[in-house]
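Here are my notes on this model, as numbered points. Please read them with the structure open.

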Amino acid sequence: MHLAQLNVGHLRAPLESPEIADFVAALDPVNRLAEETPGYVWRLKGGEGSQDVVRHDYGDHLLINFSVWEDRDSLWDFVYRSVHLGFLQRRREWFQRVAEPYSVMWWIPRGHVPTLEEGMGRLDLLRAQGPTPEAFTFKRFYESSEAVWRPAAAEVRK
């Protein structure tokens, strides 16, 4: 199994604005760092350039980060033990505060490439039901064995 993660953020200003310039300047090096991090598998790209953001129909100024990792530790190391952490700590400069979850994880079979619709569905599930084996967070994390066996066991009981 691989670990999929999606996080979203509503920008405080348009991507082209001076208020967001430091964030935009960091996109290329941080995205390259992610791709070079051990355990990285895939990320949804908005184009050929590493600064290209994902275009979608989920609302203006909503930025999406969507990637797949070999395991929790690989993703954790990138998020909290790399240069990425400094930019994460500055997120309030660039993104609006939200009262609902903005980040979700779930397990996928190796080789599966999740769709953006799948990721947004998992985020909706987390928002509606809280952490479950199908949609969870670092704070309430489920191992792949829990995600794999719980739904299968439920099907057998039907």
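Is His-84 buried or exposed? It counts as buried, because its relative accessibility is 17%, and buried here means under 20% relative accessible area, with exposed over 50% and partly exposed in between (1.4 Å probe, protein chains only).

1. Basis. This is a predicted model, in which local features need pLDDT of at least 70 and side-chain atom pairs count only at pLDDT 80 or more, while totals for chains, interfaces and linings use all residues. Residues are numbered from 1 along each chain as its sequence is written, and side-chain values use heavy atoms, with hydrogens and water left out.

2. Overall layout. The chain has 6 helices and 4 strands. Helices (H or I, at least four residues) and strands (E, at least two) are DSSP runs, numbered from the N terminus. Along the sequence the pattern reads β-α-β-β-α-α-α-β-α-α. Of the 158 residues in the chain, 39% are buried. Contact means heavy atoms within 4.5 Å. Among contacts with a separation of 6 or more, 72% come from residues 24 or more positions apart.

3. His-84. This residue lies in helix α3. Setting aside residues up to four places away in sequence, His-84 touches Val-30, Leu-33, Phe-78 and Val-79.

4. The sheet. The 4 strands form an open sheet in the order β2-β3-β1-β4, with antiparallel pairing. Two strands pair if DSSP finds at least two bridges between them. β2 and β4 (103-108) stand at the edges with a single partner strand each, so one side of each has no neighbour in the sheet. From one strand to the next, the twist averages 20°. Axes are lines fitted to C-alpha atoms, for helices over the stretch in contact, and angles run from 0 to 180 degrees between N-to-C directions.

5. Pairing in detail. β1 and β3 are antiparallel over 8 bridges. In that pair, His-10 stands opposite Leu-62, and Val-8 has Ile-64 as its bridge partner. β1 and β4 run antiparallel and are joined by 6 bridges; Leu-3 faces Trp-107 of β4. β2 and β3 also pair in the antiparallel sense, over 3 bridges. Here Trp-42 stands opposite Val-68, and Tyr-40 is bridged to Trp-69.

6. Helix α1. What span should α1 have, and what is found? Its 16 residues (21-36) should span 22 Å at 1.5 Å a residue, and the end C-alpha atoms are 24 Å apart, which agrees. The expected span is 1.5 Å times one less than the number of residues. The helix bends by about 40° at Leu-27, and a proline, Pro-29, follows within four residues. The bend is the angle between axes fitted to the seven residues ending at a residue and the seven starting there.

7. Phe-23, Ala-26, Leu-27, Val-30, Asn-31 and Ala-34 are buried in α1. Their cover includes β2 (40-43), β3 (62-69), α2 (72-80), α3 (84-89) and α4 (91-94).

8. Ala-34. Ala-34 sits in helix α1. It counts as buried, because its relative accessibility is 6%. Beyond its neighbours within four places in sequence, Ala-34 contacts Tyr-40, Trp-69 and Phe-78.

9. Nonpolar cores. A nonpolar core is a set of buried Ala, Val, Leu, Ile, Met, Phe, Trp, Tyr and Cys residues joined through side-chain atoms within 4.5 Å. The largest has 32 residues, of which Leu-6, Ile-64, Trp-106 and Phe-136 touch the most other members. β1 (2-10), α1, β3, α2, β4 and α5 (116-129) each supply at least two residues of this core. Apart from it lies another core, of 9 residues, including Ala-13, Phe-23, Leu-27 and Leu-63.

10. Phe-136. Not counting residues up to four places away in sequence, Phe-136 touches Leu-3, Val-104, Met-105, Trp-106, Trp-107, Leu-126, Pro-131, Phe-141 and Tyr-142.
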